[in-house]
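The following exercises are to be worked through with the structure in view. Each task is followed by a solution in steps.

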Amino acid sequence: RNYHYHYLDEVLTIRREVRASLSRQLLRQKGDNSTWKICQKAFLLNRTEAESQALAHRVRYHLRQAFLTEDFDLIASYADLLRTLASMDSVTLMVVAAARMKIRVVKYYRFYLKKRYGFE
């Protein structure tokens, strides 16, 4: 909103996979609601529909991550925020329903990561 950006059609960064990275550790812990607080603050700052849609996209992602860490209380919070931002797609509705039933999937997700990428 306050800064101008320009598109540069050139790759300037690379992505690296780190076994002990913070994002990987998120799958091993629950109860971290710092991202939830940031999403709440962003919601209060939103001024346009485009900003709300961008936040809804981010909330869907974090809702699914909370499901993978089996943080069922946090999922309910994300779902409430998402309902105020946008309609829920069918996958998100299934995730919320599975969370209400407290279906645990993290061991299957870790198995998938190990088979797909060779790590947990």
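Helices (H or I, at least four residues) and strands (E, at least two) are DSSP runs, numbered from the N terminus. The model is a predicted one, in which local features need pLDDT of at least 70 and side-chain atom pairs count only at pLDDT 80 or more, while totals for chains, interfaces and linings use all residues. Residues are numbered from 1 along each chain as its sequence is written, and side-chain values use heavy atoms, with hydrogens and water left out.

**Exercise 1.** Describe helix 3, its surroundings and the residue with positive phi just after it.

Solution. Step 1: helix 3 spans residues 49–68, and its 20 residues reach 29 Å from the first C-alpha to the last, close to the 28 Å expected at 1.5 Å a residue. The expected span is 1.5 Å times one less than the number of residues.

Step 2: the buried residues of helix 3 include Leu55, Val59, Leu63 and Phe67. Here buried means under 20% relative accessible area, exposed over 50%, and partly exposed in between (1.4 Å probe, protein chains only). Among the elements covering these buried residues are helix 2 (34–45) and helix 6 (106–117).

Step 3: just after helix 3, glutamate 70 takes a positive phi of about 60°. Glutamate 70 belongs to the loop between helix 3 and helix 4, and its relative accessibility of 11% makes it count as buried. Most residues other than glycine have a negative phi.

**Exercise 2.** Identify the other loop residue, lysine 102, by its phi and state how accessible it is.

Solution. Step 1: lysine 102 sits in the loop between helix 5 and helix 6. Step 2: its phi is near 55°, a positive value in a residue other than glycine. Step 3: with a relative accessible area of 46%, lysine 102 is partly exposed.

**Exercise 3.** Describe how helix 5 packs with helix 3 and with helix 4.

Solution. Step 1: helix 3 and helix 5 pack at about 35°, with axes 10 Å apart. Axes are lines fitted to C-alpha atoms, for helices over the stretch in contact, and angles run from 0 to 180 degrees between N-to-C directions.

Step 2: Arg60, Leu63, Arg64 and Phe67 of helix 3 meet Val91, Thr92, Val95, Val96, Ala98 and Ala99 of helix 5. Contact means heavy atoms within 4.5 Å.

Step 3: helix 4 and helix 5 pack at about 145°, and their axes are 9 Å apart. The residues making this contact include Phe72, Ile75 and Leu82 of helix 4, and Val96 and Ala99 of helix 5.

**Exercise 4.** Find the aromatic pair of the structure and classify its geometry.

Solution. Step 1: rings of Phe, Tyr and Trp (its six-membered ring) pair if their centres lie within 6.5 Å; planes under 30 degrees apart count as stacked, over 60 as edge-to-face and the rest as tilted.

Step 2: the structure holds 1 aromatic pair. The rings of tryptophan 36 and tyrosine 78 have centres 5.5 Å apart and planes at 85°, so the pair is edge-to-face.

Step 3: tryptophan 36 is in helix 2 and tyrosine 78 in helix 4, 42 residues apart, so the pair links distant parts of the chain. Both tryptophan 36 and tyrosine 78 are buried.
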